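Work through the exercises below with the model open. Try each task before reading its solution.

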Amino acid sequence: MSFAADLQAVLDRAKDKAVDVVRKTAYDLDKGMVDRAPVDTGRLKSNFQIGIGTINKATDAAPGSDPLPAAAAALATWKPGQTIWLTNSMPYARVAEFGLYGNPPGSANGPKTSGGYSSQAVGGFVRLTVQDFEQVFRKAARSLK
């Protein structure tokens, strides 16, 4: 094998690893959002979606169903240069994330809410997961060495 061929083989392996790291990072971020999302009927958790190149606006997942197998399947189709969208298009996802329960928004306090937030996700769930991006990315990179 020539030096050029050896170098190309190394570059190809590195590219494959980079693709795997991106996919694992996106999957782990999606899983973090799902795991942190508050549960009442399970519908919010079930409707986390991954879109490749376009936003997946589906909201028809059965309450309590696991969205992660579909996430893994979608991510398996991702190629470098495509945008990965992690979304939840349930109408009340924003309310749950930003603590807007009640009238006026943010005023609800009761058995399931505190200061407008679900008592299960007082600091939100998407924002907290996104704050972990660097840690999630580094963990994905280490796991795929």
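**Exercise 1. Classify R138 as buried, partly exposed or exposed, then describe its salt bridge.**

Step 1. The model is predicted. In it, R138 has a relative accessible area of 47%.
Step 2. Find the partner. The side chain of R138 meets that of E134 in a salt bridge, 2.7 Å from N to O.
Step 3. Check E134. Its relative accessibility is 48%, so E134 is partly exposed.
Step 4. Check the spacing. R138 and E134 sit in helix α6 (residues 133-143) and are separated by about one helical turn, because they are four residues apart.

**Exercise 2. Which residue forms a salt bridge with D28, and where do the two lie?**

Step 1. The partner is K24, with the closest N and O atoms 3.0 Å apart.
Step 2. Helix α1 holds both D28 and K24. Four residues separate them, about one turn of the helix.
Step 3. K24 has 29% relative accessibility, so it is partly exposed.

**Exercise 3. Describe the salt bridge between K112 and D40, and say which parts of the chain the pair links.**

Step 1. The closest N and O atoms of K112 and D40 are 3.0 Å apart.
Step 2. K112 is in the loop between α4 and β3 (113-114), while D40 is in the loop between α1 and α2 (43-46).
Step 3. The two are 72 residues apart, so this pair links distant parts of the chain.
Step 4. Both K112 and D40 are exposed.

**Exercise 4. Is A74 buried or exposed, and what does it contact?**

Step 1. Locate A74: helix α3 (residues 68-75).
Step 2. Buried means under 20% relative accessible area. A74 has 17%, so it is buried.
Step 3. Setting aside neighbours within four places in sequence, A74 is in contact with I50 and I52.
Step 4. Compare P104, 30 residues from A74 along the chain: their C-alpha atoms are separated by 38 Å.

Note on methods. Residues numbered from 1 in each chain as written. Predicted model: local features only at pLDDT ≥ 70, side-chain atom pairs only at ≥ 80, totals over all residues. Heavy atoms only, no water. Buried < 20%, exposed > 50% of the residue type's maximum accessible area, 1.4 Å probe, protein only. Contact = heavy atoms within 4.5 Å. Salt bridge = Lys/Arg side-chain N within 4 Å of Asp/Glu carboxyl O.
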